[in-house]
Amino acid sequence: MARQARKKSTTGIYHVMLKGLDGRNIFLDDTDRSIFMEKLNKARETGGFQLYAYCLMDNHVHLLIKEGEELGTSIKRMTVGYVQLHNNKYGRTGHLFQNRFNSEAVEDDQYLMTVIRYIHRNPLKAGMVSRLKEYSWSSYQQIIQAYQGNSSIIDMGIIKDYFPTIADFIRFSEEENQDECLEINLKTRCSDEQLTVLLSKNPEYRNLGELSVDKRNQLIRQIQQETSGSIRQLSRVLGLGKMMVELALKRRA
């Protein structure tokens, strides 16, 4: 089936999500995150796009940008070099990011601000921090510092037009909300580590290889429905052969 064409933004502004292949972590330490930020900033300078917000999670990245050059070209500028360095560092080969990034068009200022808030609140939603200011790898602190007169890689013009004072911006960012944005049409898979933790909480999911075929297949289908894990990821985490997982998912419960 042919891929659906990416919706073109009339404003040139996009909320972009880059995901690790099969939900795997793309950042294993803060050095990895620093390297990605270097690649992001260089891509911004070379490609001429404006950056309104970002957040680096363990297995995915959120970006809010107004394209300069074509969007896909800018994404390649920041990811290709990072993948090469990441693979060399960890002795791996092949893809790290999913081949096709996810994006949504942002067509008005109000939704732009909603997306900024959504991006910044990702670490809160994931339980990684209890306050927005505690997370070092999003643009929230960059924006706060820009209000205080410091330089920033964030394009602040439209943000300051919408929120004249730092207090206005903080108040909006900390409001409880039901923002979903790109997540409405996209369910992010767990990383291998997150999936392992989830499965460890259910004793039914232990020692699947020792169960009857019917019971094992039933549980594999149940796990896949609960986590949206791919065949390759489930094979890795469950310690089962890829063919065994594939056959289980093909059969009806």
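**Helix packing and two residues**

Mentor: Happy to! Let's begin with α3, which passes α7 in a right-handed crossing (the near helix is turned clockwise from the far one by less than a right angle). This is a predicted model, where local features need pLDDT of at least 70, side-chain atom pairs count only at pLDDT 80 or more, and totals for chains, interfaces and linings use all residues. Residues are numbered from 1 along each chain as its sequence is written, and side-chain values use heavy atoms, with hydrogens and water left out.

Trainee: Which residues make the contact of α3 with α7?

Mentor: From α3 there are Met113, Thr114, Ile116, Arg117 and His120, and from α7 there are Phe169, Phe172 and Ser173; contact means heavy atoms within 4.5 Å. They divide into four nonpolar, three polar and one charged.

Trainee: And at what angle do α3 and α7 pack?

Mentor: About 65°, with the axes 9 Å apart, for α3 at residues 109–120 and α7 at residues 166–174. The two are therefore roughly perpendicular to each other (65 to 115 degrees; under 35 is roughly parallel, over 145 roughly antiparallel and the rest oblique).

Trainee: What about α10 and α11?

Mentor: Helix α10 and helix α11 (residues 242–250) pack at about 120°, again with a 9 Å distance between axes. That makes α10 oblique to α11. In this contact, Ile231, Arg232, Leu234 and Ser235 of α10 meet Lys242, Val245, Glu246 and Leu249 of α11.

Trainee: Switching topic: is Ser139 buried or exposed?

Mentor: Ser139 is buried, with a relative accessible area of 0% (buried means under 20%, exposed over 50% and partly exposed in between, with a 1.4 Å probe and protein chains only). Ser139 sits in the loop between α4 (122–125) and α5 (140–147).

Trainee: What does Ser139 touch?

Mentor: Leaving out residues up to four places away in sequence, Ser139 touches Tyr52, Ala53, Tyr54, His120 and Ile154. With His120 there is a side-chain to side-chain polar contact of 2.6 Å (a pair of N or O atoms within 3.5 Å; within protein, one must be able to donate a hydrogen and the other to accept it, and residues adjacent in sequence count only if both atoms are side-chain atoms). His120 also belongs to the α3 side of the contact with α7.

Trainee: Nice link! And where is Thr10?

Mentor: Thr10 lies in the segment before β1 (13–19). Thr10 counts as exposed, at 71% relative accessibility, and its side chain joins that of Glu107 in a polar contact of 2.4 Å.

Key. Axes are lines fitted to C-alpha atoms, for helices over the stretch in contact, and angles run from 0 to 180 degrees between N-to-C directions. Helices (H or I, at least four residues) and strands (E, at least two) are DSSP runs, numbered from the N terminus. Ala, Val, Leu, Ile, Met, Phe, Trp, Tyr, Cys and Pro count as nonpolar, Asp, Glu, Lys and Arg as charged, and the others, Gly among them, as polar.
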